Amino acid sequence: MALKPFNELFKLDLSDEVAKRPVKRNSNLTLDYLEWANCLKLLYENGAEKVRYGMLKNDNNYPCFYNHNGESPFVSVWVEIDAERFEEDYPVVNGIYPVTNPNQLDINKAKQRGFVKCVAINTGLGLSLWIEEEKVINNDKEIQRELNRNETATLNDRITMLFAQALQKI
């Protein structure tokens with residue numbers, strides 16, 4: 001038995017498989033999401049014979065990467081479905097908030113969410129949920145203000161750090 005085609009998995013009714021999660025702290029706005037265990041179960045129910053996933057590790061054998069400024073932590077997830085391998089980078093976030101100093105729980109959550117996203121992109125399973133999430137986040141003015149506030153705070157932190165470094169050199 002082979003995994004069902006992309007279009008069939010995309011159209012799969014996931015209403016019994018999804019959970020709700022708030023978009024941001026203290027918000028009534030929630031999104032449907034597919035938990036990693038349900039994603040794995042659905043892959044097998046829809047024809048996958050062998051599914052494995054994990055994370056790539058950095059030069060220090062740690063499963064978290066950072067950009068060239070040492071910021072914006074992310075994980076790099078790999079997924080193998082019936083010997084076909086896919087990879088996806090996924091940010092370490094808590095809802096819409098970046099996690100600046102991630103702990104193992106934060107990294108594991110990013111791994112699981114990255115697994116689900118990698119499956120969605122490459123098989124269609126759960127992709128409709130990601131499409132809906134993008135619409136909600138892009139069309140909600142309060143969320144956009146919050147994201148802009150976070151970007152400004154990050155930029156201010158960066159400027160402050162560079163200023164402090166410049167002062168030390170003087």
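Visitor: Which two strands form a hairpin with 2 residues between them?

Guide: That's β4 and β5, and D82 in the turn has a positive phi of about 50 degrees. Strands here are DSSP runs of E with at least two residues, helices are runs of H or I with at least four, and both are numbered from the N terminus. Please keep in mind that this is a predicted model, where local features need pLDDT of at least 70 and side-chain atom pairs count only at pLDDT 80 or more, while totals for chains, interfaces and linings use all residues. Residues are numbered from 1 along each chain as its sequence is written, and side-chain values use heavy atoms, with hydrogens and water left out.

Visitor: Thanks! How many bridges join β4 to β5?

Guide: There are 8, and the two strands run antiparallel; β5 covers residues 84-91. One of the pairs is F74 with P91 in β5. Two strands count as paired if DSSP finds at least two bridges between them.

Visitor: And what's the strand order in the sheet?

Guide: The order is β3-β4-β5, an open sheet with antiparallel pairing. β3 and β5 are the edge strands, each pairing on one side only. From one strand to the next, the twist averages 20 degrees. For angles, axes are lines fitted to C-alpha atoms (for helices over the stretch in contact), and values run from 0 to 180 degrees between N-to-C directions.

Visitor: What does β3 share with β4?

Guide: β3 (residues 51-55) is joined to β4 by 5 bridges. G54 stands opposite W78, and M55 stands opposite V77.

Visitor: Is β4 mostly covered or mostly open?

Guide: Mostly covered: 6 of the 8 residues in β4 (residues 74-81) are buried. Buried means under 20% relative accessible area, with exposed over 50% and partly exposed in between, using a 1.4 Å probe and protein chains only.

Visitor: New topic, helices. At what angle do α2 and α3 pack?

Guide: About 35 degrees, with the axes of α2 (residues 36-45) and α3 (residues 104-123) 9 Å apart. W36, C39, L40 and L43 in α2 meet Q112, F115, V116 and V119 in α3, where contact means heavy atoms within 4.5 Å.

Visitor: I see some cysteines. How many disulfides are there?

Guide: The count is 0, with a disulfide taken as a pair of cysteine sulfur atoms within 2.5 Å.
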